[in-house]
Each structure stands twice: as structure tokens, then as C-alpha cells.
Amino acid sequence: MGWLWAIIVGFVLGLLAKAILPGKQHSPLWLTTIFGIIGAIVGNAIARAVGIDETSGIDWGRHALQLGAAIVIVFLGDMAYMAVRGNKQRA
């Protein structure tokens, strides 16, 4: 069940990150989901390092860090995807 939850959270975080970023992102949906999963993992690690990983109630700080990490990873991942995809089209 943990993997299913990670996929769902990654999917939602990836889509939110794509919606927040200006312009068009070209990465496919499956790759956006993977970027979202990585963003959730990085956001959790940052929250743990800062000391806000376990609070009573809803962890708004942790969720904000997850979304922020997902935005950065979707942005950088889309740039890398376009660089690799562009090189393959020219060959």
C-alpha cells in the first residue's frame, strides 16, 4: 500500500508543480509522476533535517517543502528531458 500511496502523492505533486511553473513543460505524465515522487522524498528529508517532520495535526510545513522540492525537480527534470530529447531528434 505504501508504493500506491507514493505514486498517488507523486502524481498530485508533479501535476501541481507543472501547474505552478510558468510556460509549457514537455515531460510525459509518467516522468512527471516520478519527479513528484522524488520531490516528496526530498521534501520529507528537508523537513526531517529542519525538525518539522512529525507535528500534531496536518503537517503544512512538510507539505510545503514537498511541493517546493517537486517544483524544483520538475523544472530541472524537464530541462534535462528536453536536452536529451532534443539531442536524439537531431541525430
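A contact is counted when heavy atoms lie within 4.5 Å. In this protein, residues 24 or more positions apart account for 63% of the contacts with a separation of 6 or more. The model is a predicted one, in which local features need pLDDT of at least 70 and side-chain atom pairs count only at pLDDT 80 or more, whereas totals for chains, interfaces and linings use all residues. Residues are numbered from 1 along each chain as its sequence is written, and side-chain values use heavy atoms, with hydrogens and water left out.

The protein has 3 helices and 0 strands, where helices (H or I, at least four residues) and strands (E, at least two) are DSSP runs numbered from the N terminus. Along the sequence this gives the pattern α-α-α. The C-alpha trace spans about 55 × 25 × 20 Å along its principal axes. Of the 91 residues, 29% count as buried; buried means under 20% relative accessible area, exposed over 50%, and partly exposed in between, with a 1.4 Å probe and protein chains only.

Consider next the interior. A nonpolar core is a set of buried Ala, Val, Leu, Ile, Met, Phe, Trp, Tyr and Cys residues joined through side-chain atoms within 4.5 Å. The largest such core has 9 residues, namely Leu13, Ala17, Leu21, Leu31, Phe35, Ala40, Ala70, Ile73 and Val74. Helices H1, H2 and H3 each give two or more residues to this core. For alanine 17, the contacts beyond its neighbours within four places in sequence are Leu67, Ala70, Ile71 and Val74.

Threonine 33 belongs to helix H2. This residue is buried, because its relative accessible area is 12%. Apart from residues up to four places away in sequence, threonine 33 touches Ile7, Gly10 and Phe11.

The largest pocket holds about 340 Å³ of space. On a 1 Å grid over the protein atoms alone, a cavity is a set of points where a 1.4 Å probe fits but cannot get out, while a pocket is an open set with protein on both sides within 12 Å along at least five of seven lines; lining residues have an atom within 4 Å of a point. Grid points are joined across faces, edges and corners, and a volume is the space filled by probe spheres set on the points. Of the 14 residues that line the largest pocket, Trp5, Val9, Leu13, Ala40 and Gln66 are the closest to its centre. Two or more lining residues come from each of helix H1 (2-20), helix H2 (29-50) and helix H3 (60-90), and H1 gives the largest share, 6 residues. By class, the lining has 10 nonpolar, 3 polar and 1 charged residues; Ala, Val, Leu, Ile, Met, Phe, Trp, Tyr, Cys and Pro count as nonpolar, Asp, Glu, Lys and Arg as charged, and the others, Gly among them, as polar.

Helix H2 also contains isoleucine 46, which counts as partly exposed because its relative accessibility is 36%. Isoleucine 46 and glutamine 66 are 20 residues apart in sequence and 8.5 Å apart in space, C-alpha to C-alpha. Arginine 48 lies in helix H2 and is exposed, with a relative accessible area of 54%. Between arginine 48 and arginine 62 the C-alpha to C-alpha distance is 8.5 Å, at 14 residues apart in sequence.

Side chains of opposite charge can pair when their charged atoms come close. With a salt bridge defined as a side-chain nitrogen of Lys or Arg within 4 Å of a carboxyl oxygen of Asp or Glu, the count comes to 1. Aspartate 59 and arginine 62 form a salt bridge through their side chains, at 3.1 Å from N to O. Aspartate 59 is buried, since its relative accessible area is 10%.
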